[in-house]
Amino acid sequence: MTRAKSWERTLLLHAVLLCGLTGSAGAVTPTGVTKVSRVTGATPAGEFIPNPNQTHTNHEVYGTDLGIVWDKGGGEVFVLFGDTFGVGWCGNGGCGGGWRSNVLARSSDTTLSNGLTFSTMIQDSARHAKEILPSKKVNYDEMTVIPTAGVTVGSRHYIHYMSVHHWGDPGMWSTNYAGIAYSDDNGQNWVKHPSARWQNNASWTNNFQMAAFVKNGGFVYMYATPNGRYGNVHLARVPEGSLLDINAYRYWDGNGWSTSQAAARPVAIGIAGELSVSYNAALGRFIMTYLNEYRQGAVMRDAPTPTGPWSGEKMLARSSVFPGLYNAFIHPWGNTATELYFVMSQWTPYNTFLMRATLVGDTQGSNLLSEPGFETQEATPVMAPWSLQGGGGVDRNLGTARTGQDNGFVRASSGWNALKQSVVVQPHTDYTLRGWVRTSGNSTEGYLGVRGPSNGPILGERLFGSLPGYTEQVVSFNSGGNSVVEVYGGLWANGDTWLQLDDVSLTRGANLVGHAGFEQQASASASSPWYAEGNAGIDRGLGFARTGANNAWARNTEGWNAIKQEVGVTPNTSYTLKGWVKTSGAHSEGYFGARMLGGGPILGEVLFAQPLGSYTLLTVTFNSGANHSVELFAGMWAHDTDTWIQVDDVSLTRN
């Protein structure tokens with residue numbers, strides 16, 4: 001990408017994307033990151049790693065960046081690069097002669113331990129890599145066209161790209177739109193589809209301008225951020241065969257899938273640039289990497305399902321070790337239970353490198369918070385993901401931590417002082433916050449709690465006074481209508497007063513069903529995350545509920561009628577589904593269970609063939625198989641007579 005180096009203008013903060021992670025086997029942390037080989041450019045004096053491609057002489061690629069890798073089929077991957085320079089390259093950053101907005105390589109190399117070797121690059125003449133997506137190259141119009149993701153479905157290849165309007169301050173740029181291009185001739189020629197586009201808005205804040213693609217379960221999932229490197233991560237998906245149909249995309253709204261882009265809610269909050277997402281089959285988990293400008297490094301998250309909950313950030317590669325790094329694009333063939341291979345760019349020498357990380361088990365897998373023990377904070381005062389209100393910071397290796405070497409603290413003589421962190425949650429879901437606190441002897445009014453974003457309404461908190469030794473505080477709460485909450489630990493100071501905080505955790509309740517009691521359904525028609533098949537909906541305040549005010553129903557004189565919900569699950573895992581059902585006297589054939597998406601095979605169900613005159617608990621145990629999402633259903637067949645069922649208090653828990 002043609003832009004200035006960003007580190008010199010970045011505050012030394014640690015910012016972390018925050019979101020939930022249900023405890024699941026396979027959660028990992030990267031360690032021991034090493035540089036395996038050079039991927040592009042010439043070998044400079046003093047560099048001793050392999051350089052198998054010699055792109056400066058073989059393809060007139062002297063300087064380039066990105067290196068987006070995806071499985072193209074046929075035993076090859078595509079490796080896609082951004083702004084590229086040839087003869088006349090300035091030798092430092094993205095600038096100089098031989099400019100192409102993007103270039104593309106193919107590779108069949110499966111032995112990554114000794115480097116990433118190309119089969120060839122797409123060329124427009126002998127030994128000259130071709131610009132595959134043209135751009136106007138006019139500043140404040142279309143400065144360049146930068147690829148951000150790629151995916152192959154069948155024999156057709158797709159590239160997600162952004163049309164850059166202007167490179168602004170470091171890490172900040174504006175885009176005209178994001179679009180999708182496709183190739184039907186093995187990547188030699190590409191067509192920018194005229195309507196598969198996400199137009200930016202006048203304030204340059206559209207959330208779907210940069211992307212990462214993942215295929216899973218018949219869908220292509222598109223993780224996206226706004227232009228630049230400072231946005232949240234949002235999510236959309238589309239059936240594999242409909243990538244070019246902008247109207248076929250559905251947007252994650254925190255509970256389910258919406259047709260409205262405006263309904264999209266983040267799956268991760270933070271400072272995210274140049275996303276990459278891949279599925280690690282060996283772990284049964286999705287891996288996300290990106291640049292975090294504030295932390296001056298590439299970070300990693302993992303999750304059991306495409307929608308999450310995504311773990312907090314885990315440091316992957318630091319700029320203090322690899323100066324000027326700014327992305328980490330996962331090689332899909334390099335995903336094992338113990339290793340992660342990725343292509344990383346460095347501003348100087350504006351080229352790309354194959355990197356390897358060792359993956360080890362993560363004991364914090366069920367904790368939604370990042371930096372729960374403050375252990376990777378590099379400086380004081382406190383840095384992101386923890387923000388500070390009032391006075392405080394991080395005690396670094398002072399012997400005051402409960403565990404490890406660091407802890408957070410607040411200290412002041414007056415007013416409210418707190419450490420805070422924002423976290424993505426699922427709306428209307430139960431959570432438990434825990435943290436270990438100790439205070440000065442004169443502390444009389446301290447709080448550990450959770451509130452809505454930006455000092456919003458308190459959702460739950462615990463008051464404590466003087467705590468001479470670390471004491472665990474526990475807060476249970478429901479997220480309400482929030483998709484983001486703010487965790488805090490703080491005190492009101494009266495004279496020199498202090499608090500120390502360590503080992504904080506936020507965990508989700510066991511029930512995976514959204515709107516489990518239907519209390520948050522806003523109308524008689526089922527809405528996200530519930531949806532109807534046949535004639536079904538919501539009884540609101542009609543006195544038919546088992547608990548609360550609302551319940552769901554299905555009713556008809558013929559055919560199949562059901563209330564349904566898609567729920568993310570961990571593959572090959574046992575679950576128990578429970579729900580309370582009652583029926584009309586005419587009822588004779590009902591089913592409660594779980595199946596694969598799209599009306600697929602039944603994973604487990606219970607038949608209720610007799611009328612249920614009062615709410616009756618039904619229980620189904622099933623294994624999720626290879627699926628990351630399942631469809632829960634409660635429905636009945638009506639046989640030429642008015643027949644109904646009512647449903648309430650549904651739960652799905654992992655065994």
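# Exercises on a predicted model

R127 is partly exposed, with a relative accessible area of 49% (buried is under 20% relative accessible area, exposed over 50%, partly exposed in between, with a 1.4 Å probe and protein chains only). The model is predicted, so local features need pLDDT of at least 70 and side-chain atom pairs count only at pLDDT 80 or more, while totals for chains, interfaces and linings use all residues. Residues are numbered from 1 along each chain as its sequence is written, and side-chain values use heavy atoms, with hydrogens and water left out.

**Exercise 1. Where does R127 lie, and what is its phi?**

Step 1. R127 sits in the loop between β6 (123-125) and β7 (128-129) (strands are DSSP runs of E, at least two residues, and helices are runs of H or I, at least four, numbered from the N terminus).

Step 2. R127 is not a glycine, yet its phi is positive, about 60°.

Step 3. E371 also has a positive phi, near 55°, and is a residue other than glycine. E371 belongs to the loop between β23 (351-361) and β24 (387-389). At 10% relative accessibility, E371 counts as buried.

**Exercise 2. Describe the surroundings of S107.**

Step 1. Strand β4 (residues 103-107) contains S107.

Step 2. S107 has a relative accessible area of 0% and is therefore buried.

Step 3. Residues up to four places away in sequence aside, S107 touches G75, E76, V77, L116, T117, F118, S119 and W333 (contact means heavy atoms within 4.5 Å).

**Exercise 3. Is Q426 buried or exposed, and which side chain does it join in a polar contact?**

Step 1. Q426 is in the loop between β26 (406-424) and β27 (430-439).

Step 2. With a relative accessible area of 12%, Q426 is buried.

Step 3. The side chains of Q426 and R508 are joined by a polar contact of 3.1 Å.

Step 4. Not counting residues up to four places away in sequence, Q426 touches G254, N255, Y431, S479, N482, R508 and G514.

**Exercise 4. Which residue lies 5.4 Å from N511, C-alpha to C-alpha, yet 140 residues apart in sequence?**

Step 1. The residue is S651.

Step 2. N511 is located in the loop between β31 (484-508) and β32 (530-533), and at 24% relative accessibility N511 counts as partly exposed.

Step 3. Neighbours within four places in sequence aside, N511 is in contact with A516, V650, S651, L652 and T653. The side chain of N511 reaches the backbone oxygen of V650 at 3.2 Å.

Step 4. The loop between β31 and β32 also holds P529. The peptide bond from S528 to P529 is cis, with omega near 10°.

**Exercise 5. Which residues are in contact with W252?**

Step 1. W252 lies in strand β15 (residues 250-252) and, at 12% relative accessibility, counts as buried.

Step 2. Leaving aside neighbours within four places in sequence, the contacts of W252 are L235, W257, A263, A264, R265, V267 and T307.

Step 3. H234 is 18 residues from W252 in sequence and 7.4 Å away in space, C-alpha to C-alpha.

Terms used: Polar contact = N/O pair within 3.5 Å; in protein donor to acceptor, adjacent residues only side chain to side chain.
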